[in-house]
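Subject: Structure for your files

Hello,

Here is the structure I said I would pass on. My notes on it follow below the entry.

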Amino acid sequence: MRRNWLGLRQTVNRNRTQVAILAGVTLLLLFALGGMSGGDWVITVLRGLAVGAVVFLVAAGFSLIFGLMDVLNLAHGALFMIGSYVGWTVYVRPDTAIDVITPLLLLAAGFGWMPLWQALLARVHLTSGVRRAAPWAGLALALALFAFSATRYPIAAWNPDVYDASPIVYAIAMDSGQEVIAQAPQVDGVTAALSMAGILVAGSLAAASVALVGHGQERRARRGEMRRAFTLGLALALSGVAVYALNEPLTRLIFELNTTWRFLIAVAAAVASGFFLGGLMEMTLIRPLYLRPIYQLMLTLGLAVMIREVVITIWGRPQITMPKPALFAGTGTGCPAQNLDDLLAHQCSTISFLGTRIRTYNEIFIIVVGLIVLIAIWLLLQRTRIGMIIRAGVQDRQMVEALGINVRRVFTFVFALGVGLATLGGVLAGPALGISDDMGESLLLLALIALAIGGLTSYPGAAVGAVLVGLLQQFIIKYGQVGIQLPFMTEPLKPSPPLVPASAVLLMVVVLLLLPNGLFGRKE
Amino acid sequence: MRRIGIIPSGLLYRMMTSPVVLEARGLRKEFGALRAVNDVTLEIRAQTFHSIIGPNGAGKTTLFNLLSGTLEPTSGQVLFNGQDITHAPVHRRAHLGLGRSYQITNIFPNLTVLENVRLAVQALGSDNFKFWSANAKFARYTERARQVLEQVGLSDRSLRLARTLPQGDQRKMELGMILAPAPEILLLDEPTSGMATEQIPELIGLIQTIQRESRKTVVLVEHNMDVVMSVSDTITVMHQGSVLAEGAPAAIAANVQVQDAYLGHSLWHDALQQAQHEQSARGS
Amino acid sequence: MPRANRSAGILRRHGGALGLMIVLALLPFLFGLLEGASPLAVWNNQAGASKFYEGLLIEVFILAVYAISYDLVLGITGLLSFGHAMFFALGAYLTGILLKSFGLPLWATLLAVVGAGVLNALLFSVVLPRVKGITFALVTLGFAAVFNIVIQSHELSDWAGGDVGLQNVPIPTWLSPSDERLRFYFIALVFLFAVYWFYQRFVDSPTGRVCVAIRENEERARVLGYPTFYFKIVALTVASVTAGLAGALHTLYQPIVSPTIAGLGFTVAALLMILIGGIGTLTGALLGAAVYRLVDFFLLRFTGSSSSFLIGLIYIAIVLFVPYGIVGTWRLRNVEWRTVWQERLAQWFGIKESPQDLAPPTTEQPPD
Amino acid sequence: MTPYNRHSMNNLLEVLDVHTSIGQFHILEGVTVNVPRGSITALLGRNGAGKTTTLKTIMGLTPPRRGQVLFDGQPIHAQHTFDIAAQGIGFVPDYRAIFRDLTVAENLQIAERKAGDLARKGELIFQLFPDLKRLIHLRGNQLSGGQQQMLAIARALVADNQLLLIDEPSEGLAPIIVEQLMEAIVQLSAATTIVLVEQNFAVASQLAKHYVILEEGRSVRNGLMTDLVHDHATIQRYLGVM
């Protein structure tokens, strides 16, 4: 025991500043207890933790990506937003989501065959001029073909420009218990088949164009890779066709489900889309730029702008809501819940506690999910081989490679995982915070602040930073309502709303000035 | 200094009596658990040629970094002309008259050779903040830079971008960058590393000439023992972060401890001795 | 050096810039002629295509000044600052507020803008000894974000207009952008070239060279004896003041100030401009600003609302395929060419170089 | 016959006229190294001569601009580092590159190429470096320099490697530790081909059978170590040792 104690003392001595800051924050938290009622304090802490959980999901992915491959993915906020919108679509309009699956799978099939295109193109000798121009021509052609084919494929969708058919209206309808299924445009089988074929060709063409960018670099094809790629592409294409054939029964099936289940499916879809997008992004856009960090910044920023435009075009500009799943939406008899039994029996949306109401989704569920993810990723990092490789890679990428480990594949996985976490955050935040086209930017800023506080590449740092940012924000908001009694002042001071984001930034600046590498950052 | 060999009495006199320019007192630097420099006390006397030798990892470069201010010591003091400069920032030391070179070429790669050296001259002038005057006006800096380039034999390449020079010329240019502001003491960390064998005597000769003619103090880290033995007034041998021995070249050459440290365990040492023996037997 | 010789040298070195300035000065009249309007009509600020393009070019000039100031920070001195929009926005807002709410005369306003610019640069410099690289980027991003938030806050809305922005700033009639646009055009043009000239001089001065040295190898510069901290302050101050003045001009031209110019997006715009033109080249910043604004304008005109999508696409393409920017790519060839020729001449004729003919201090490579 | 076709089955590794640049700097300008099977080949030369870069070029960490690297007769110079390593090359860099936050056990586990590698090789490793067994739960940053060096070599032994590239194993270590390491390397060389970069000539001369001297990024001399030991002029000229 004595030795242990000595070890602790050493740790404390070595990290004096960290300990001081954490102690200071804890003291402030306790001090805050004096300024407001116990119920207020609890709810503020919970809200802080919930915001922290969402920020953590974005920050953790960002930090994993930055730590392992030194890529500052400024599109991370936009991808978080994508999670929200994809989740919303699957949740509120599953019919549209199912309609969209087919074209997406067909498009993916083309990219799945990428090794085939690479091998095929490697046999063709191209002059440098052609090699430079062809990808562009190919991409343009693919885009045109896709636009032409996709618009002819039957998709039942909303229309953001017409209020009666806008996402807002569908969300409200769902919240009030009605299900409005828009009719898909009537299309005969031949047109649908043709458009599907067109999408498949467009995807293949795009993939081939991307493959052409790396043309000319010697690369030994691995045995089995071709066959695997072929099977993967074929499976994707066939499942695309299958979804088309089973469209109606699938739609019916999903509409019959409870909203809780639907929400689960939405979460899964959002995470999957994030995973897929992340992987695709790493393979096509980030990989050529590993040695040019400033250009990565520009690229990811450009991507963020583009994603936002796409989102505005598809879902429209106004903020849309996402109804809470049934499990957290009960308001009838027995609600707000007074105890755990009530809560389980009536699936209440709120719990009564110390004279205030705690919202089960916003202030409990999100925190629980955040905790689960925190532990799951921690286990992944500490207990699995891939986690070991990631931890090693953060320190010394080259050495990991020199041990014979395909770091590129790990990169792709981590990028996909990081974006998957962001989209998970997005879909979770949807019902609590609402969905709008500027949510990505503000959350990215918060995540960056959290990371700067915690240490850019530290996993525990991301968690602590996110929680600190969340708590600080919520306490300032709360004090904005109840006012804070400061010494030497007669009137209680009420911090105004702009102070909320500003306070987080100020915290970051202070921490960075004291510890340039953040709380848990390693000195380089 | 236990054993001092036969050295010219004038030099001995200078070594013993000339004032101490740079002094390290109980200097220590720890990187985590590693003690890279361990209680090093060192006196560099004015206008001497002082070499520091030792196996790789003996802490020579760390010691240099402590002396030049790139690193701050964990404990101990650095004195320059009696003034405590342990915590003086790097640029202050330069103004006091401390110039240093690096083991790995450390230059402004995308500037021309002339500009590299000119920046070194300008550094200690008083025109650094004249942002409204064209550079061309300060001909004296350019003149001095040219003069230095002439001295190190690079005047015909002054307009090339530094990074396009071969390694050996880059080292010469670096030497020029240190010489340019005419510092009182030059700390040279393996100035010959990466140079072709033929070029080494030339560069060392250059350093020696400069040291003698302009009465500078030179501290040199070097692996080439021929060079070290022929040019040094004093040699300090470092081993595992500490000073193992100090003295005139002859004394160091004869020091068994030093031989051991440089050659590792006696097993390998014996083998080499044997080889040397055979060779001298054949030679005679 | 004989005087005549010297002026010839100036002409040779700045000939391109002078020529461009003359062309730009004549451009409104050219537009007028193309449209069938006489130069006199253009002179009298009659409505028409010429007046419209004058406006577009004024915007380009203002953006160019803004971009060149960012190039000094990032491209010349190598400081990755993500809060540059604050320099511009502070100037813009201060001009608007002082003219509108306090009724200050224009000269006093501009003086205040310069003062505020210096203070702003000092604020950014305070953190310099502590944080480097990406952390500096984050801290500056933080400063700018706080400014953006504060300027949009409810408490300041009486002065700054909240999230709508500052409206109807009173502009002195002699400078009115609607009635005296040609005069405004010339002022903006002269301002741009004055700034460009100043920046060229700055980079070519002892101080500027040290800034370049700091970008190339800060550690080495320090060991040579440069207190690099102060040089970074100087660079930031120069950039801050010029960006602030560009902001002031922006307010004078627009009469409204939208909060978007205080956002991260506007810093990114500066980054894009210098990346398009070529980082660390000064001239590239001007070119980049022109490309940025004109592409934006024409895309918006021909493709409507999907233009920002296309712009994003174009930037990604530039990143992937023109990595050194327009001027950077051009200069990459040029310097090598020049070095080769100088060496050849020296070899053939024994010609020695003169100090003026030093290769440009700017790099051909981005400092990444 | 051009040098590019000259391949001898006796050589496990052949580096043929390799040129490498790092960034804008040309580091290697014509390095040729033949590594015969089953012995230790030492790369000698002064600081900055390009020894470390040669090893990195073999590993594909700094791919060559020109020239070829043949491993077992197969060209590997255009491959990714992980592909090169997976063919059976172990790398021990001069900075040891121990993963600081991983335990000793994890540092070894990560080098497994197929499941069970460590179980099979554990005995050999712990026989060579008994210390490591004792330290198995410590983290990389808690080890001393000598222990780190042992771990770095041990890590390269976990997978079935035919060739080991070891960069400056004795750097900064106490003579007694160096001796232990040398013993281990001698034992290893019985079964594995080794390329060794060693600054300490006395150490290198005892270990290696063949040598290659590099200078200014070029290979300038090669041959049998037994001959070099007597060639005092060459030692003096290129290595500058006493």
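**Notes on the model**

Glu29(D) is partly exposed, with a relative accessible area of 27%. Please keep in mind that this is a predicted model.

The side chain of Glu29(D) meets that of Arg218(D) in a salt bridge, at 3.3 Å from N to O. This pair links distant parts of the chain, 189 residues apart: Arg218(D) belongs to strand E10 (residues 218-224) of chain D, and Glu29(D) to strand E2 (residues 25-36) of chain D. Arg218(D) is also partly exposed, at 38% relative accessible area.

A second salt bridge in chain D joins Asp72(D) to Arg37(D), and the closest N and O atoms are 2.7 Å apart. Here too the pair links distant parts of the chain, 35 residues apart. Asp72(D) sits in the loop between strand E4 (66-71) and strand E5 (74-75), and Arg37(D) in the loop between E2 and strand E3 (40-44). Asp72(D) has a relative accessible area of 32% and is partly exposed; Arg37(D), at 35%, is partly exposed as well.

Chain D also holds a network of salt bridges that share partners, made up of Lys114(D), Asp117(D), Arg120(D), Lys121(D) and Asp160(D). Gly116(D) lies in the loop between helix H3 (104-109) and helix H4 (117-128) of chain D. Its relative accessible area is 31%, so Gly116(D) counts as partly exposed. From Gly116(D) to Gln206(D) is 90 residues in sequence and 35 Å in space, C-alpha to C-alpha.

In chain B, Asp156(B) forms a salt bridge with Arg157(B), with 3.9 Å between the closest N and O atoms. The cut-off for a salt bridge is 4 Å, so this pair is counted. Asp156(B) is exposed, with 55% relative accessible area, whereas Arg157(B) is partly exposed at 28%. Over all chains the count comes to 31 salt bridges.

**Helix packing in chain C**

Helix H5 (residues 106-126) of chain C packs against helix H10 (residues 228-253) of chain C at an angle of about 140°, and the axes are 8 Å apart. The crossing of H5(C) and H10(C) is right-handed. On the H5(C) side the residues in contact include Leu110(C), Val114(C), Gly117(C), Ala121(C) and Phe124(C); on the H10(C) side they include Phe229(C), Ile233(C), Ser240(C), Gly244(C) and Leu252(C). By class, the contact has 15 nonpolar residues, 6 polar ones and no charged ones.

**Aromatic pairs**

There are 32 aromatic pairs over all chains. In one of them, the rings of Phe52(C) and Tyr53(C) have centres 5.4 Å apart and planes at 75°, so the pair is edge-to-face. Phe52(C) is partly exposed, with a relative accessible area of 37%.

Phe87(C) and Phe124(C) form a tilted pair, at 4.8 Å centre to centre and with 45° between the planes. This pair links distant parts of the chain, with Phe87(C) in helix H4 (residues 84-100) of chain C and Phe124(C) in helix H5 of chain C, 37 residues apart. Both Phe87(C) and Phe124(C) are buried. Phe124(C) is also one of the H5(C) residues in the contact with H10(C).

Finally, ring pairs link Phe31(C), Phe52(C), Tyr53(C), Phe297(C), Phe298(C) and Phe302(C) into a cluster.

Regards

Technical notes. Residues are numbered from 1 along each chain as its sequence is written. Chains are lettered from A and ligands numbered from 1 in the order in which they are written. This is a predicted model: local features need pLDDT of at least 70, side-chain atom pairs count only at pLDDT 80 or more; totals for chains, interfaces and linings use all residues. Side-chain values use heavy atoms; hydrogens and water are left out. Axes are lines fitted to C-alpha atoms, for helices over the stretch in contact, and angles run from 0 to 180 degrees between N-to-C directions. Helices (H or I, at least four residues) and strands (E, at least two) are DSSP runs, numbered from the N terminus. A crossing is left-handed if the near helix is turned anticlockwise from the far one by less than a right angle, and right-handed if clockwise. Contact means heavy atoms within 4.5 Å. Ala, Val, Leu, Ile, Met, Phe, Trp, Tyr, Cys and Pro count as nonpolar, Asp, Glu, Lys and Arg as charged, and the others, Gly among them, as polar. Buried means under 20% relative accessible area, exposed over 50%, partly exposed in between (1.4 Å probe, protein chains only). Rings of Phe, Tyr and Trp (its six-membered ring) pair if their centres lie within 6.5 Å; planes under 30 degrees apart count as stacked, over 60 as edge-to-face and the rest as tilted.
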